[in-house]
Amino acid sequence: MQPGPTRRLRAGIVSVIFSVGLVLSVLTAAFIGTAGIGPVDVYGILVRRLGLGTIAPGPEAPPLIDALIWESRLPRVLLAAVVGMGLAVSGAVLQSITRNPLAEPYLLGVSSGASTGAVAVMILGLGSGAVNLSTGAFVGAIVAFGIVLLLIGGGRISNPARVVLTGVLVSQFFSAVTSLVLMLDGDADSTRGFTYWLLGSLGGARWEPLLIAGAVILAAALLCLVFAPALDAFAFGWDTAASLGINVTRARVSLMILTALMTAAAVAASGAIGFIGLLVPHIVRLLAGPAHRVLLPLSALGGAIFLIWVDTCARSLFSPHEVPVGVVTALLGAPVFALVLRKAAAR
């Protein structure tokens with residue numbers, strides 16, 4: 001699917017705006033918070049930590065302020081960017097694979113499986129302390145996706161609706177298991193803690209989980225870009241894609257595995273954050289067109305920017321309380337998605 005000159009120009013402009021916007025969002029969000037640290041102090045901490053102390057303005061910040069920026073706030077901003085990228089790219093890919101505009105990253109049962117893995121660690125104590133919550137969630141997500149893949153015959157099923165229904169089936173099963181564990185073994189504190197995690201939060205962001213999630217999500221997103229021609233062909237149906245020389249089964253299974261890995265890494269790091277994978281790809285299509293070699297990178301940038309600012313609002317606007325970021329994405333995403341649907345219908 002080759003975009004015309006006007007669409008290429010528009011896509012280029014959007015790419016520049018999104019790229020600059022992401023850099024500015026990271027830098028700006030790093031000094032927004034309740035601690036009242038100025039941008040000059042934040043800039044000084046960042047350049048000193050990067051080994052560029054000779055260009056740092058003013059004296060060194062106190063150790064407590066330095067730790068707040070470098071060990072807490074910056075990893076949180078970067079994790080928001082990484083998670084937003086992964087969810088947005090996953091949503092764009094699954095919407096193409098299933099030819100379903102309402103497809104989103106949790107379609108393949110990954111979120112429900114992650115919830116079951118998390119509750120097994122948090123409430124049942126699975127792993128006896130050797131397995132943390134994020135690891136349990138990641139393993140649960142991969143197990144759920146493995147069951148989906150098994151039920152659709154290793155990707156040989158040629159009906160997109162069958163894939164969607166299988167994902168819903170597995171999601172409902174794991175949701176039921178999670179609810180059963182909470183009802184039988186959960187006390188008030190553990191249930192409250194699990195519910196907060198389930199709504200999505202980036203409050204526990206640190207460098208180690210950021211680097212792990214970032215490596216998985218960035219690598220998988222780049223590999224998805226390799227399949228851009230196949231994704232474009234899927235828009236005309238799986239049979240048509242096969243007639244164009246696309247190995248449909250291999251491309252479909254590879255892309256589902258990649259989206260499952262991205263979603264599992266995102267959910268393990270932050271909990272279930274909705275609407276990003278559903279909303280961002282539709283906005284990007286309206287701005288730059290449906291060609292996936294443009295859609296995927298712009299969705300990644302747009303998802304990163306969106307989640308950075310949603311999380312910044314969640315941790316600063318409601319101080320001293322911190323609202324789970326998944327709640328804010330739903331509050332913002334529902335009306336925005338309604339506007340997107342209205343605009344798309346009017347075209």
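1. The radius of gyration here is taken over C-alpha atoms, and the globule rule is 2.2 Å times the number of residues to the power 0.38. For 347 residues, that rule puts a compact globule near 20 Å, and the chain agrees with its 21 Å. Along the principal axes, the C-alpha atoms fill a box of roughly 65 × 60 × 35 Å.

2. A word on the basis: this is a predicted model, with local features needing pLDDT of at least 70 and side-chain atom pairs counting only at pLDDT 80 or more, while totals for chains, interfaces and linings use all residues. Residues are numbered from 1 along each chain as its sequence is written, and side-chain values use heavy atoms, leaving out hydrogens and water.

3. You will find 14 helices and zero strands in the chain (DSSP runs numbered from the N terminus: helices are H or I, at least four residues; strands are E, at least two).

4. Of the 347 residues, 49% count as buried, meaning under 20% relative accessible area, with exposed over 50% and partly exposed in between (1.4 Å probe, protein chains only). Among contacts (heavy atoms within 4.5 Å) between residues at least 6 apart in sequence, 77% join residues at least 24 apart.

5. Do look at helix α5, residues 133–151, which gives the most to a nonpolar patch, with four residues. Val-139, Val-143, Ile-147, Leu-151 and Leu-169 make this surface patch of about 410 Å² (patch residues have over 30% relative accessible area and no salt bridge; like charges are joined within 9 Å, nonpolar side chains, namely Val, Leu, Ile, Met, Phe, Trp and Tyr, within 5 Å; a salt bridge is a side-chain nitrogen of Lys or Arg within 4 Å of a carboxyl oxygen of Asp or Glu; areas come from the Shrake-Rupley method with a 1.4 Å probe, and for residues only the protein chains shown count as cover).

6. Val-143 sits in helix α5 and counts as partly exposed because its relative accessibility is 43%.
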